[in-house]
Amino acid sequence: MAAVKRLMAGQFTAKVTEVGNISPGSLSRVVNNTAKWFQYDIKRAGSIQLGRTGVVASDLTRRVIFTRDDSTVILKDLVSKGDPVGRSLDIQRGTHRSVAANGKLYTTGPLYTKGHGWALRGPVHNGGAFSDQIINVFEPKTLQRLLSDTDSKKRWAGRLGGLPEHKYVMVYGGTLTFADLYAASPTFRATIGPELDAVIAKATVTWWLTTDMDGRPLKVTSMWDTWIAGQPIQPKRVEGSATTDFLSWRSGVTIKAPQKFVKVDGPAGGLPEFDDPMEVIREREKRE
């Protein structure tokens, strides 16, 4: 906790990489008694900048990747039928770059500007750094909630934690619900909206946080699942995960907003953004 507060007070900037995946059950299918699973991966990379209130700016690229053959077949079918979600995801296979600064989010990429120039998408919370990653460890209250209720706390050799440059690291882990995270995290509340559905509130989040021996974050992983224990088969189940690595910390680096841009109300052609967990969950409800 103290190390995070020092990073915030010093307004440090971190280079980050992030990988994850989303499995929207509403888009999976059964063909000839064989399950065709719909899943896509996500890769992000760039920088985030801290301020006294947490993450205040970011500069990140993002790309959707399909690696499963059955998912690619479903995607092609969705696109051929003009399905808005399928079309949006297909376009997001191209790299998009987003910059958040001064509370506003700007993006360049084919979903918004066909890759030419910047689009001002509007106001953004928490430096625009959290969409696929739902846990913001740079919120003191959220970090306190995680560390006060851990299932495990271990010291690992750095090489075992995938961080050979560190002799030792601390690895914390635990499980909480969407309701728990919603109560603690302004970032998650901004993602979900003003109300948390009572059913989704029971969704689980399994998390791990790796820090150096001074408490500085090195990696955070979250895995969430709308499966509700004890319920019958749930074909509209949605799962997601993200692992964010903080590769290096520097002071005196400022992320600046683009100088030239056009204001947009959303993606070109009225397509959905479909780039955060709540949009995926809402889509499940639309297809029920």
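**Entry 1: a hairpin.** I began at the hairpin of S11 and S12. It has 5 residues between the strands, and glycine 215 there takes a positive phi near 95°. I noted that this is a predicted model. Then I looked at how the two strands pair. S11 and S12, which covers residues 217–225, run antiparallel over 8 bridges.

I followed one residue across. Threonine 210 is the bridge partner of valine 171. Threonine 210 also stands opposite lysine 219 in S12. I looked up one more pair: valine 205 has tryptophan 224 of S12 as its bridge partner.

Entry 2: Which order do the strands take in the open sheet? I traced 12 strands: S9-S10-S11-S12-S13-S1-S4-S5-S6-S7-S8-S14. The pairing is mixed. S9 and S14 (262–263) stand at the edges, and each has a single partner strand, so one side of each lacks a neighbour in the sheet.

Next I looked for a helix on the sheet. Helix H1, residues 2–9, packs there and touches S4 (40–51), S5 (54–65), S12 and S13 (238–250). The direction of H1 makes about 70° with that of S4.

**Entry 3: two residues.** I picked tryptophan 207, which sits in strand S11. Is tryptophan 207 buried or exposed? Its relative accessibility is 1%, so I wrote down buried; the cut-off is under 20%. I then listed what tryptophan 207 touches, leaving out residues up to four places away in sequence. The list is Ile135, Leu146, Thr150, Tyr172, Gly173, Gly174, Thr175, Leu176, Thr221 and Ser222. I also took a distance to asparagine 102. Asparagine 102 and tryptophan 207 are 105 residues apart in sequence, and their C-alpha atoms are 30 Å apart.

Beyond its neighbours within four places in sequence, arginine 155 contacts Tyr168, Val169, Met170 and Met213.

**Entry 4: two helices.** I turned to H2 (residues 69–80) and H3 (residues 84–91). Their axes come within 7 Å and cross at roughly 120°. The crossing is left-handed. Which residues make the contact? From H2 I noted Leu75, Leu78 and Val79. From H3 I noted Gly86, Arg87, Leu89 and Asp90. By class, I wrote down 4 nonpolar, 1 polar and 2 charged residues.

**Entry 5: the whole protein.** Last, I stepped back. I found 7 helices and 14 strands. The C-alpha trace spans about 55 × 50 × 35 Å along its principal axes. How does the radius of gyration fit a compact globule? For 288 residues such a globule would have a value near 19 Å, and the protein has 19 Å, so the two agree.

I looked up burial for the chain as well. Buried residues make up 49% of the 288. Residues 24 or more positions apart account for 64% of them.

Note on methods. Residues are numbered from 1 along each chain as its sequence is written. This is a predicted model: local features need pLDDT of at least 70, side-chain atom pairs count only at pLDDT 80 or more; totals for chains, interfaces and linings use all residues. Side-chain values use heavy atoms; hydrogens and water are left out. Two strands pair if DSSP finds at least two bridges between them. Helices (H or I, at least four residues) and strands (E, at least two) are DSSP runs, numbered from the N terminus. Contact means heavy atoms within 4.5 Å. Axes are lines fitted to C-alpha atoms, for helices over the stretch in contact, and angles run from 0 to 180 degrees between N-to-C directions. A crossing is left-handed if the near helix is turned anticlockwise from the far one by less than a right angle, and right-handed if clockwise. Ala, Val, Leu, Ile, Met, Phe, Trp, Tyr, Cys and Pro count as nonpolar, Asp, Glu, Lys and Arg as charged, and the others, Gly among them, as polar. The radius of gyration is taken over C-alpha atoms; the globule rule is 2.2 Å times the number of residues to the power 0.38. Buried means under 20% relative accessible area, exposed over 50%, partly exposed in between (1.4 Å probe, protein chains only).
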